[in-house]
Amino acid sequence: MNTTSNEPNPLTGVVVATALPYRQDPAAPAGLAVDYDAYAEHCRWLVDNGCDGVGPNGSLGEYSSLTDEERRTVARTAIEAVRGRGKVVVGVHGPGSHQAVRWAEAAAEDGADGVLCLPPTMYRASPAEVVAHFEAVAAVGLPVMVYNNPVDTKVDLTPELLAEIAGIDNVLAVKEFSGDVRRVLEIKERAPGLDVISGADDVALESLLMGATGWFAGFPNVFPAESARLFQLATTGRLEEARALYRPLVAAFRWDSRTEFVQAIKLGMEMVGRYGGPCRPPRGPLVPAHRERITAEMRQAIDFLAAEAGERV
């Protein structure tokens with residue numbers, strides 16, 4: 001990890017893994033074309049409401065369902081939309097380092113502030129292969145947030161392995177999505193210069209209280225201002241206020257860690273008056289039982305926030 005600079009880590013704070021809007025178009029893949037204008041407006045809305053930046057081309061952004069041209073344009077749209085006002089951390093996930101490097105080079109050319117990178121996708125890489133993968137991506141020169149998602153990749157970036165990865169120049173942070181908040185302190189012990197970023201909404205407060213310095217988040221697509229306030233409360237020692245805000249939201253936040261997280265967050269967006277819309281295959285519509293449960297848990301969060309806003313007036 002590059003420790004020679006005194007510049008603040010550009011990968012910390014509340015960075016929203018952005019959902020991607022589509023419009024109906026029979027000529028587009030699966031009959032759904034990316035609505036770049038709506039996406040740009042959404043990115044600006046998130047930053048306007050207090051979030052520190054956006055993360056295009058993550059799992060929530062359905063990157064694996066996009067064509068190469070769409071994926072590049074999504075990143076460029078986000079960068080242009082928030083340029084000078086918020087950071088952009090572009091997902092560069094790929095099956096091998098040659099694909100991930102290509103996306104990292106494109107992100108650098110387009111003006112991204114950093115990249116988010118999974119281990120090799122679709123292959124259970126060995127620790128040595130994982131290190132080589134991140135070395136190749138980091139050599140592009142942008143700040144790198146490695147992404148630990150053992151559920152999807154079957155590769156676990158354990159604290160021990162992260163201690164080795166942290167020695168790679170330009171690797172500055174890890175998005176931790178194992179769900180095990182005990183790891184925050186262990187990672188900080190083994191790799192003290194590596195920023196730990198909460199990657200799962202339903203352990204965000206717990207992770208921040210243990211020393212995480214960022215939140216790469218899903219439900220701020222729905223509640224950006226409230227999520228930014230939660231982050232501020234948690235990181236400035238206002239624990240009781242943070243707990244009071246977090247507790248009514250966490251039932252909805254738990255959907256961020258479930259298979260249907262993209263559809264759940266898009267439904268939440270619809271419920272607060274934003275555009276969520278459909279997903280591209282392989283993601284289909286929510287089954288009725290899931291839709292009913294998400295609606296109820298979102299309603300609990302919305303009603304709480306409305307009552308709280310009324311009390312603050």
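A residue is called buried when its relative accessible area is under 20%, exposed when that area is over 50%, and partly exposed in between, with a 1.4 Å probe and protein chains only. The model is predicted, so that local features need pLDDT of at least 70 and side-chain atom pairs count only at pLDDT 80 or more, while totals for chains, interfaces and linings use all residues. Residues are numbered from 1 along each chain as its sequence is written, and side-chain values use heavy atoms, with hydrogens and water left out.

Phe231 counts as buried because its relative accessibility is 13%. This phenylalanine belongs to helix H9, residues 224-235, where helices (H or I, at least four residues) and strands (E, at least two) are DSSP runs numbered from the N terminus. With contact taken as heavy atoms within 4.5 Å, and neighbours within four places in sequence left aside, Phe231 is in contact with Gly13, Val14, Leu208, Thr213, Gly214 and Trp215.

A nonpolar core is a set of buried Ala, Val, Leu, Ile, Met, Phe, Trp, Tyr and Cys residues joined through side-chain atoms within 4.5 Å. The largest such core has 106 residues, of which Val137, Val146, Leu157, Ile165 and Phe253 touch the most other members. For Ile165, the contacts beyond four places in sequence are Val130, Val131, Phe134, Val146, Leu157 and Val171.

Grid points are joined across faces, edges and corners, and a volume is the space filled by probe spheres set on the points. In the classes below, Ala, Val, Leu, Ile, Met, Phe, Trp, Tyr, Cys and Pro count as nonpolar, Asp, Glu, Lys and Arg as charged, and the others, Gly among them, as polar.

| Space | Volume | Lining residues by class |
|---|---|---|
| Largest pocket | About 750 Å³ | 15 nonpolar, 13 polar, nine charged |
| Largest cavity | About 60 Å³ | five nonpolar, five polar, two charged |
| Second largest cavity | About 50 Å³ | five nonpolar, two polar, three charged |

The largest pocket is lined by 37 residues, and Ser59, Asn149, Asp152, Phe261 and Arg283 lie nearest its centre. Helix H5 (150-153) and strand S10 (214-217) are the elements that give two or more residues to this lining, with H5 giving the most, three residues.

Two cavities reach 30 Å³ or more. Strand S9 (residues 195-198) supplies the largest share of the lining of the largest cavity, three residues, and the residues that line this cavity include Glu176, Asp180 and Val203. Among those that line the second largest cavity are Asn57, Arg71, Arg72, Trp103 and Asp110. Helix H2 (68-82), strand S5 (87-91) and helix H3 (97-110) each give two or more residues to that lining, and H3 gives the most, with four.

The structure holds zero disulfides, a disulfide being a pair of cysteine sulfur atoms within 2.5 Å. The sulfur of Cys43 is too far for a bond, because the closest cysteine sulfur, in Cys51, is 11 Å away. Cys43 is buried at 0% relative accessibility, and Cys117 is likewise buried, with a relative accessible area of 0%.

Conventions. On a 1 Å grid over the protein atoms alone, a cavity is a set of points where a 1.4 Å probe fits but cannot get out, and a pocket is an open set with protein on both sides within 12 Å along at least five of seven lines; lining residues have an atom within 4 Å of a point.
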